[in-house]
Amino acid sequence: MDRRSLMKNAGLAGVLAAGIAPAVHAQAAVRWRLASSFPKSLPTIFGSAEKFSETVKALSGGRFEVSIHAAGELVPAFGVVDAIQDNTIEMAQTAPYYFTGKDPIFAFGCAVPFGLTARHMDAWMEHGNGRKLLDEFYAKYNILSMSSGNTGTQMGGWYRREIKKVSDLKGLKMRLGGGLFGETMAKLGVVAQNMPAGEVYQALEKGTLDATEFVGPFDDEKLGFNKVAPYYYYPGWWEGGAELEFFINKKAFEALSAENKAIVRAAGAVAARDMTAKYDAQNPAALKRLVAAGTKLQGFSKEIMDAGFQAAMEVFAAHEAKSPEFKKIHQDMRAFQRDQILWSKFSEWRYDGYIANAKI
């Protein structure tokens with residue numbers, strides 16, 4: 001009798017007793033669904049979710065698979081937190097500050113005005129108190145978090161007209177990513193609009209938006225913003241290092257074996273590194289192409305930067321007065337930031353300042 005017939009007739013118990021079971025893993029196959037807040041047209045951000053899925057499958061030998069769904073396929077772009085909370089999906093990939101309507105604390109998981117750079121954010125999250133504090137907060141939403149990558153310092157956005165002084169911002173209808181930046185810009189007179197990236201081009205083209213910010217040259221070029229808004233400003237002082245996150249259904253994660261938990265964490269680390277490296281590699285060439293195509297590259301004036309800083313500090317103070325939890329996380333982040341700034345003065349910034357002016 002061949003092995004297949006024996007298994008069919010004797011049953012699994014008999015096969016195991018006979019000592020002739022095929023080499024199989026004891027764990028059952030795992031199938032998860034990941035809903036992204038981003039479209040497939042962004043190979044940087046959405047590509048991080050794909051890299052995560054590929055790595056999970058490879059590390060598990062195909063026993064653990066994560067299907068990836070772009071914004072709107074399973075749930076709306078801004079519906080992923082609700083979907084995790086009610087156990088509709090196992091994972092999401094998103095920008096946490098999209099959900100500050102639920103609680104302003106979500107912003108600290110992504111970026112806040114005049115906040116951390118990519119390296120500083122990574123350090124605070126993984127070796128400071130950032131991840132611990134935020135996962136304590138996310139627990140009420142059935143969420144664990146992991147980085148899915150960082151964009152680095154973003155650009156200041158696309159404008160249909162020049163923005164030379166603070167008064168030029170008054171009444172400006174601008175798509176903002178969300179979070180405390182919207183409140184800050186409102187203090188400067190901007191009418192904040194929060195909408196998925198895929199809807200922005202048409203709004204700019206029709207004039208229902210006057211400006212938008214998204215990420216940086218590579219993504220912005222993909223979305224075609226330069227065709228409908230010629231002025232491109234820098235820097236994005238509201239996103240010194242925007243972290244995108246994998247939100248994981250806490251119940252689903254806790255149900256995994258120790259091996260599969262390790263696979264999820266390892267795959268997340270691979271995907272996060274890949275996204276950040278991809279941005280650094282792709283943005284310079286994209287910026288050159290945009291400028292060559294007629295984009296008018298402009299720096300924000302010191303007047304605007306100073307006004308933004310003052311407005312942001314007022315927003316932080318107002319939230320601290322209302323929420324001890326907000327204050328605890330914000331103050332922890334700022335204390336960490338002060339130490340990072342001190343070190344950066346003697347390392348990265350000094351080096352960067354010199355090499356930027358050297359002839360290489």
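Let me start with a definition: rings of Phe, Tyr and Trp (its six-membered ring) pair if their centres lie within 6.5 Å, and planes under 30 degrees apart count as stacked, over 60 as edge-to-face and the rest as tilted. By that rule, Phe38, Phe78, Tyr97, Tyr98, Phe99, Phe106, Phe137, Tyr138, Tyr141 and Phe247 form one aromatic cluster.

Some ground rules. This is a predicted model, in which local features need pLDDT of at least 70 and side-chain atom pairs count only at pLDDT 80 or more, while totals for chains, interfaces and linings use all residues. Residues are numbered from 1 along each chain as its sequence is written, and side-chain values use heavy atoms, with hydrogens and water left out.

Back to the rings. The structure holds 25 aromatic pairs. One of them joins tyrosine 98 and phenylalanine 99, edge-to-face, at 6.4 Å centre to centre with 70 degrees between the planes. Both tyrosine 98 and phenylalanine 99 are buried; buried means under 20% relative accessible area, exposed over 50%, and partly exposed in between, with a 1.4 Å probe and protein chains only. Phenylalanine 181 and tryptophan 237 also form an edge-to-face pair, 5.7 Å centre to centre and with 90 degrees between the planes. Why does this pair tie together parts that are 56 residues apart in sequence? Because phenylalanine 181 lies in helix α6 and tryptophan 237 in the loop between β9 (231-234) and β10. Helices (H or I, at least four residues) and strands (E, at least two) are DSSP runs, numbered from the N terminus. Phenylalanine 181 has a relative accessible area of 3%, so it is buried. Tryptophan 237 counts as buried because its relative accessibility is 5%.

Now the sheet. Five strands form an open sheet in the order β2-β1-β3-β10-β4, with mixed pairing; two strands pair if DSSP finds at least two bridges between them. β2 (64-69) and β4 (143-150) are the edge strands, each pairing on one side only. From one strand to the next, the twist averages 25 degrees. Axes here are lines fitted to C-alpha atoms, for helices over the stretch in contact, and angles run from 0 to 180 degrees between N-to-C directions.

β1 and β2 run parallel and are joined by six bridges. Valine 30 has phenylalanine 64 as its bridge partner in β2. Two helices pack on this sheet. α2 touches β1, β2, β3 (91-94), β4 and β10 (243-249), and its direction makes about 165 degrees with that of β2. Helix α10 (residues 258-292) touches β1, β2, β3, β4 and β10, and its direction makes about 30 degrees with that of β4. Contact means heavy atoms within 4.5 Å.

Which residues point one way from β10, and which the other way? Glu243, Glu245, Phe247 and Asn249 point one way, Leu244, Phe246 and Ile248 the other, and all are buried. In a regular strand the side chains alternate between the two faces of the sheet. β10 is antiparallel to β3, with four bridges, and antiparallel to β4, with seven bridges. Glutamate 245 in β10 is the bridge partner of threonine 94, and serine 147 stands opposite glutamate 245 as well.

Leucine 42 is in the loop between β1 (30-36) and α2 (45-59). Is leucine 42 buried or exposed? Leucine 42 counts as buried because its relative accessibility is 0%. Beyond four places away in sequence, leucine 42 touches Gly47, Phe214, Asp219, Lys222 and Leu223. Leucine 42 and aspartate 220 are 178 residues apart in sequence but 9.3 Å apart in space, C-alpha to C-alpha. The buried residues of α2 include Phe46, Ala49, Phe52 and Val56. Just after α2, glycine 61 takes a positive phi of about 65 degrees.

Last, the cores. A nonpolar core is a set of buried Ala, Val, Leu, Ile, Met, Phe, Trp, Tyr and Cys residues joined through side-chain atoms within 4.5 Å. In the largest one, of 81 residues, Phe108, Trp124, Tyr159 and Met185 touch the most other members. Helix α11 (residues 302-322) gives the largest share of this core, five residues. Apart from it lies another core of 23 residues, among them Phe64, Ile68, Ala70 and Val264.
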